[in-house]
Amino acid sequence: PSMIGRPKNSPNAVFQPQHEFKCHIGEELHQFPFRYDEFKPIISCGIVQDWDEMIILLEYCLKKVPKFDMQEGKYTRRVVLNEPLLNPIKNKQKWFEILFEYFEFHSLVPQVQPLAALYASGRTTGLVLDVGEDCTQILPVYDGYALSNVMNKMRSWGGRVGGGDLTKFVANLKYESGWEFSNSGREISKKIKERLAYVAPNYWKEVELNAESSQLSRTFELPDKTTITIDDLRFKCGEVLFRPSEFLGVDYVDGGIDDLLINTLLKSPIDCRNDFSNNIVLCGGTALMPGFKERLELEVQSRILPPHLPTPKVNVIQQVESSYLSWIGGAIIGSLGLTTHYIFSREGYMESGVDINRPYSLNLS
Amino acid sequence: MIDETRLQTEQAVTITLIDFCPLQNSFKDSPEDTHFTLLRDKLREIQKAHLFNSKPSMLLMKRQSKIVFQDLKLGKGGYKNLLVLQLDPSLQEPTLTIDHQLSQHTTLEQLIPHLPSNSPRFICYNLHYEMPSYSTSREGERSKIILITWCPKECGVRERFKTALGVQFLLNNLNGLSATVHATSSRALTHQSLVKQVL
């Protein structure tokens, strides 16, 4: 949804009067049959790439909010900024600048995404694994205190691993097998991923099963009513998350999601490990992939043995609303309307600027 | 980090108790008594320091419920084994109050079937258990107060979020809770699993 596209043929008189915007944002991109000149995401891994486009996006979103008057609202409303872990200071400062100086909001509550997700799942102790569109992050929290020395992000040299990489992977494999989707290709690959992909408990067994029979193959209908069959792509797509360096390239140095989870568990203090392994909260859309939860439980149980994990019981919590869990958490923080310790007011900002050294948003109360 | 906050909350609880203690009346009766005036000044200092240090919080709790919890700790008052708290839906601001109906049960086994299936509860439970011994002699009985959060899967996200805030609030404000247990179903609340958490 945080995509922006500028049509190639925008001066065309036929299209011009219908649309106020010269660019199209979010799901509009798929509604109008333009060829887009530029077609790019604005935010990548929580870091804004182009701030001018970001302002256009924010104005567009605020127009869509029901019962929100821009002139009235801007001096009285509080904004909750849900940011990823290890957000660069420059990015933070720019957010403050835009929200206070351009939009003139009343106050700002910065909040870390995984912590908001954990609270929204009703827990104060747990290990949050956030597998999002373009970023995978992990944060252990004990009794509301985030263990910030253990928190981690999965990264490659170029970018971060997430659901977007799976979509690209699907598109590439389909291209190899002779299908080239032109304009709406990304959307079709995304649909294939969401409907048919799954994570196999044992990858090599699945490969053997696929070679022997056509039990795993499914058909998918394209927009022009032709059908294609998809077989090994289904479980390969899920496996990318666990072995990214084999499927996507050698850039992915940190290993898969299971390595990230196990490393974090082993880095955290031994007294907390049982509480963490019993409360692994999944968050983000990719975490809803079928079989993902079971595979994670299996990996942790088989790879961490009793001296390192006092009782080998692993419980992964997957919720229906998991894909928007961190947003929901942020929305609740905003709507409770009560005072927290971490409010940054506009007055304070105008007087002394951003004080980045102030204790920052890792605890709620 | 956790130890520091425990110290702070200890101070907070003692101050609230002093607010209600009958000694306060005697301050008013005998203002000339030097011993009491000294004590009163000290208390005011502590109170001021507490006000300065206290963080604004997202929840509220009635002082009465704190006193009842203190009574549970000392083994007196109406509730000796169980104290069930709830987020009162009738009040506008989220406030923790005592659920008197559920608190009347004496053991956890009696309470579990009566717990609501769609709203959260906080249970302060006085857990009595036999200390496991590694020799032939008995180690004896112990008792500890634990905090059980009852948050079934049918709860909405907003309720769940408030539950998490409530746990944080209770840990900061009630002194003497030795463990917290998160329960989504009655299966997690067996005697053995609770004892494991405490040991």
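Cys283(A) is in no disulfide, the nearest cysteine sulfur being that of Cys135(A), 10 Å away. Cys283(A) is also buried, with a relative accessible area of 1%, where buried means under 20% relative accessible area with a 1.4 Å probe and protein chains only. In chain B, the sulfur of Cys155(B) is 4.5 Å from the closest cysteine sulfur, in Cys151(B), which is too far for a bond; Cys155(B) is buried as well, at 3%.

This is a predicted model, in which local features need pLDDT of at least 70 and side-chain atom pairs count only at pLDDT 80 or more, while totals for chains, interfaces and linings use all residues. Residues are numbered from 1 along each chain as its sequence is written, chains are lettered from A in the order in which they are written, and side-chain values use heavy atoms, without hydrogens or water.

The second largest pocket has a volume of about 1,800 Å³. Its lining comprises 49 residues, with Asp275(A), Asn278(A), Asn279(A), His182(B) and Gln197(B) nearest the centre. Among the elements that each supply at least two lining residues are α12 (273-278) of chain A and α8 (191-198) of chain B, while β6(B) gives the most, with five. The lining divides into 18 nonpolar, 19 polar and twelve charged residues.

A pocket here is an open set of points on a 1 Å grid over the protein atoms alone, where a 1.4 Å probe fits, with protein on both sides within 12 Å along at least five of seven lines, and lining residues have an atom within 4 Å of a point.

Notes
Grid points are joined across faces, edges and corners, and a volume is the space filled by probe spheres set on the points. Helices (H or I, at least four residues) and strands (E, at least two) are DSSP runs, numbered from the N terminus. Ala, Val, Leu, Ile, Met, Phe, Trp, Tyr, Cys and Pro count as nonpolar, Asp, Glu, Lys and Arg as charged, and the others, Gly among them, as polar. A disulfide is a pair of cysteine sulfur atoms within 2.5 Å. Buried means under 20% relative accessible area, exposed over 50%, partly exposed in between (1.4 Å probe, protein chains only).
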